[in-house]
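My notebook is open, and I'm looking things up one at a time. I'll jot down each answer as I find it.

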Amino acid sequence: MQRWGAAGLAAAVLLVPGRLDAGAIYGSIFFNGAGLKGAAITIACGSETVKGATLDDGSYRVSTPEGRCTLTVAGAFGTASAEVTSASSATRYSFEVVKGASGYELRRQ
Amino acid sequence: MADPEKKGHHRWIEVSQVVAMPLVTLVVGYLLNSSISSSQTRDSNLRLYADMMGRREEADSALRKDMFRSILDTFVAKTTGDKTDPEAEVLNLELLAYNFHESLDLGPLFKHVQRQLTVRTQGGTSAPKDQSLLWRLERVAEEVKERQLAAISESGRVERGELDVTKAGAGAWSLGRSLIALKPGEQRGGATLCLSFASTDFAAATTEPVTHYRQFRVEFLDFAPDRREVELALAVSKPLQREQCQQLQESGSERANVETEAQFWVGPFGFPMIDNTRLSRSERCSVSVIRILDNSVTIAISYFPASRASLKDKPYYDEVLQDLLRNPSATSAK
């Protein structure tokens with residue numbers, strides 16, 4: 001049920017056209033060397049927050065407002081965050097979820 | 001009875017010994033002489049041919065230089081305040097495109113003329129012919145791309161397909177038989193293809209063609225209807241075994257196999273011979289937009305040897321050295 005929910009959310013996010021003044025953040029999330037399926041992605045840019053999810057190959061694409069944002073991935077490991085910048089053109093951010101000193105963190109690929 | 005017969009045999013042997021030596025010398029001399037003569041003729045013909053080709057190239061370059069300068073001056077002259085004639089501009093661009101499409105990146109000039117025509121059609125001062133000039137511009141670009149793709153497909157591989165810009169992920173793509181099918185219900189961010197071409201360039205010790213296989217993953221990112229361009233992300237694998245190439249890899253292995261990644265905007269004025277991505281082993285790949293109709297974009301993905309890239313394309317020195325070390329005969333034959 002949770003899997004269908006994540007897939008539906010991913011499809012909904014991917015099929016909704018982005019705002020005209022928005023950029024996009026895309027890439028892949030890896031965990032233990034494999035693509036992370038169905039992980040929830042939240043991108044917070046100032047007061048605005050947009051949500052998405054990773055597909056079966058760990059890839060994602062989320063339309064975001066332009067500027068500095070925080071990308072958070074939630075999965076079975078808990079949550080991990082990283083700073084990203086959204087521009088008018090799509091920006092690629094691929095991360096590996098790795099265990100750090102204080103829990104899991106995102107390491108850019 | 002036996003003695004005269006023996007004597008006769010001896011005489012024949014003596015005679016043949018006397019005759020054989022000059023005869024053999026004569027034959028060997030003749031063969032040697034004719035071999036040297038034919039080799040000299042061949043060398044002389046080659047030299048003559050190379051000389052003629054060189055002179056023709058020189059004359060051709062001079063003619064093209066003059067032609068290029070005079071046409072380009074018509075675009076530059078406008079900045080000094082001369083009036084613009086859109087039809088003349090399109091005609092000049094046609095001349096440039098048909099004569100120099102293999103040696104110059106005419107994309108910026110095409111975009112420049114397109115922008116000017118778009119402004120005229122949107123500004124209300126448009127003559128009825130401006131819209132048709134815009135179409136003519138795209139048609140010229142399409143013809144040039146088709147010519148280049150035909151040349152590329154002779155020694156490389158071209159896969160054609162459609163991109164639906166209203167969709168996302170792998171579902172946005174409709175490609176030919178090189179597309180690797182997804183499992184039922186599987187969702188991926190982009191379409192993956194396995195492309196190959198046979199090449200003798202890297203056959204090492206043999207001259208038999210070797211088929212190179214690579215996976216290409218294309219991801220649709222954005223569409224700008226005003227500029228008529230799509231934004232794509234392309235990931236190309238290193239050369240793979242046939243079986244490995246023809247099936248979807250687990251995402252971790254897929255990532256490990258990636259050799260080159262590129263993200264770019266491409267529209268009707270991106271020409272595959274000029275506007276391409278460099279790969280290892282003196283190979284190139286390109287994604288071209290053939291035409292855009294409403295929400296449907298016709299795409300051609302090409303994978304080809306660097307020898308089919310434009311005249312403007314210069315190989316890196318280390319690439320040339322690697323080619324020489326791998327197969328000296330193939331490189332010298334180029």
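**Entry 1: a hairpin in chain A**

I looked up strand E6 (residues 67-75) and strand E7 (residues 78-86) of chain A, and they pair in the antiparallel sense over 9 bridges. For my own notes: strands (E, at least two residues) and helices (H or I, at least four) are DSSP runs, numbered from the N terminus, and two strands pair if DSSP finds at least two bridges between them. A hairpin joins E6(A) to E7(A) through 2 residues. I also found A:Gly67 standing opposite A:Ser86 in E7(A).

**Entry 2: what kind of model this is**

This is a predicted model, where local features need pLDDT of at least 70, side-chain atom pairs count only at pLDDT 80 or more, and totals for chains, interfaces and linings use all residues. Residues are numbered from 1 along each chain as its sequence is written, while chains are lettered from A and ligands numbered from 1 in the order in which they are written. The model scores ipTM 0.75 and pTM 0.75. Chain B averages a pLDDT (the predictor's confidence in each residue, from 0 to 100) of 85, and 88% of its residues score at least 70.

I counted up the elements of chain B: 8 helices and 9 strands. In what order do the 5 strands of the open sheet run? The order is E2-E1-E9-E8-E7, with antiparallel pairing. Strand E2 (173-175) and strand E7 (277-279) of chain B are at the edges with a single partner strand each, so one side of each has no neighbour in the sheet. The twist averages 25° from one strand to the next (axes are lines fitted to C-alpha atoms, for helices over the stretch in contact, and angles run from 0 to 180 degrees between N-to-C directions).

E8(B) and E9(B) run antiparallel and are joined by 10 bridges. There I spotted B:Val287 opposite B:Ile301 in E9(B). Helix H4 (residues 129-155) of chain B lies across strand E1 (157-164), E8 and E9 of chain B, at about 40° to E9(B).

Most residues other than glycine have a negative phi. B:Asp294 has a positive phi of about 50° although it is not a glycine. I found B:Asp294 in the loop between strand E8 (283-293) and strand E9 (296-305) of chain B. Is B:Asp294 buried or exposed? B:Asp294 counts as exposed because 9 other C-beta atoms lie within 10 Å; the cut-offs are 12 or fewer for exposed, 20 or more for buried, and partly exposed in between, with C-beta atoms placed from the backbone.

A:Asn32 also isn't a glycine, and its phi is positive at about 55°. A:Asn32 sits in the loop between strand E1 (22-31) and strand E2 (34-35) of chain A.

**Entry 3: where the chains touch**

How many residues of chain A are in contact with chain B? I got 20, facing 15 residues of chain B (contact means C-beta atoms, placed from the backbone, within 7 Å). Helix H1 (2-15), E1, E2 and strand E5 (59-65) of chain A each supply at least two residues of that side of chain A.

How values were computed. Two residues are in contact if their C-beta atoms, placed from the backbone, lie within 7 Å.
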